[in-house]
Amino acid sequence: MSISRVDGEELESAAQEGGGGGSGKGTWKHAAFHVATTIATPAAYAPLPFALASLGWPLGVGSLVLGTLTTWYSSLLVASLWQWDGKKHSTYRLLGKSIYGSWGYWFITMFQQIASLGNNIAIQIAAGSSLKARQPTLPMISQSIPFLILTAGFVSSQAIYKYYDSDGSLTLQDFIIFFGALELLLSQLPDIHSLRWVNALCTFSTIGFAATTIGVTIYNGKNIDRDSISYGFHGSTSAKIFRAFNALGAIAFSFGDAMLPEIQSTVIEPAKKNMYKGVSAAYSIIILSYWQLAVSGYWAFGSQVQPYILSSLATPQWTIVMANIFAVIQISGCFQIYCRPTYANFENQVLSKASNGKAWIRKSLLRLCFTSIYMALITLVAAAMPFFGDFVSICGAVGFTPLDFVFPALAFLKAGKMPKNPKLRCLVQGIHLTIAAWFSVVAVLGCIGAVRFIVIDINTYKFFHDM
């Protein structure tokens, strides 16, 4: 039987009543694990040294600090809207509906699906690339930073499989399938709360990747003739401007998190206070990893730093392999967070009727079937189009920017507790409108850059190409 758009909203609202799906069981520490897993991925912050090199020290560091503080603030804004009207809105879609009505629900659904599907296809490719080494084609992609943010594993100069078996015959597609099988297994966990220990491991892997990469970067930097390091800009004026635009996009998109209300719904009361603590704890990790890696990478290699920092590192090779292991572990949890909106749509509309008696067997089998189909499609696209990262750049611009910057800023103006002082209220309105407008511009620039490299990649690669 077909379900209308309004019925879909009502089914989800009913399913979320009473805190289903592990709602209200997690602590602020669990929230920190979830937030850190969704944001602080190696694919997000490994290209940041190159972003700084494209902007220079003053503008690069300033943009990084401003991007961090803006996204931290936006995350707190979303958390502050928890039960803003006295009702619980445990998904981003329901929060959008409560503020903007039915169109808000469906627009948020569209943005979230674009972000999650694109992100997960890129994660499949990145994981396969990190498990299997390939030498990067850096001249072609040296300016496509959005490509690198979401498919960072493409440019690993040394990874796990080739380190142990340099003559191995396994292809990128084989490792994409292996990673897909792992994600299918993890997909049987029922909800985000059940992933708390998986994401705890992922958070520690984030710290491990950052610590390893920062340490090896400083080690390599000290062994380089410092007089040979230049921090100037190279190329034509148009190339410099284009790289600067891409760098701004890289910094903005590196903080993407389209799942905050879903994470908040897993936290015990007072959910708002605990989410504030969880978000702040996660951003403490983000600051320690993002800022140190960005600065140390740019310091060590100057304007010659590669778009993916691991490609700049030469020795010791075993540490680069270890960094790739940390990367694969971390993005396995990030994948799970972002596939949950799709699973939730299926469960709300199909599994909600099976709730009593032996229905759990039917629900488990249906869930296995659906998750298998989902993983098969994601794996097929990732294996067939290993250059999908350029398309994902557009997905990031269209999906992440509205949910991470535009919606929080505008939604708070409509539903948040505004200051009573007229001057302060005007200041808050100006800041929020500036955030929404500026990051919309950044999203457009990211799309323009992505289209350029889509044309290059389509003319360069074939389907099922072994990168």
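**Exercise 1. How many cavities of 30 Å³ or more does a search of the whole structure find?**

Before you start: this is a predicted model, where local features need pLDDT of at least 70, side-chain atom pairs count only at pLDDT 80 or more, and totals for chains, interfaces and linings use all residues. Residues are numbered from 1 along each chain as its sequence is written, and side-chain values use heavy atoms, with hydrogens and water left out.

Step 1. A cavity is a set of points on a 1 Å grid over the protein atoms alone where a 1.4 Å probe fits but cannot get out.
Step 2. The search turns up 6 cavities of 30 Å³ or more.

**Exercise 2. Describe the second largest cavity and its lining.**

Step 1. Its space is about 70 Å³, a volume being the space filled by probe spheres set on the grid points, which are joined across faces, edges and corners.
Step 2. Lining residues have an atom within 4 Å of a point. There are 13 here, and Thr71, Ser75, Asp257, Leu260 and Asp404 are the closest to the centre.
Step 3. Now look at the helices (DSSP runs of H or I, at least four residues, numbered from the N terminus). α5 (57–80) and α18 (389–415) each give two or more residues, and α5 gives the most, with 4.

**Exercise 3. Is serine 80 buried or exposed?**

Step 1. Find serine 80 in helix α5.
Step 2. Buried means under 20% relative accessible area, exposed over 50%, partly exposed in between (1.4 Å probe, protein chains only).
Step 3. Serine 80 has 16% relative accessibility, so it counts as buried.
Step 4. Beyond its neighbours within four places in sequence, serine 80 is in contact (heavy atoms within 4.5 Å) with Lys272, Tyr276 and Phe412.

Terms used: 1 Å grid on protein atoms, 1.4 Å probe; cavity = no way out; pocket = protein on both sides within 12 Å on 5 of 7 lines; lining within 4 Å.
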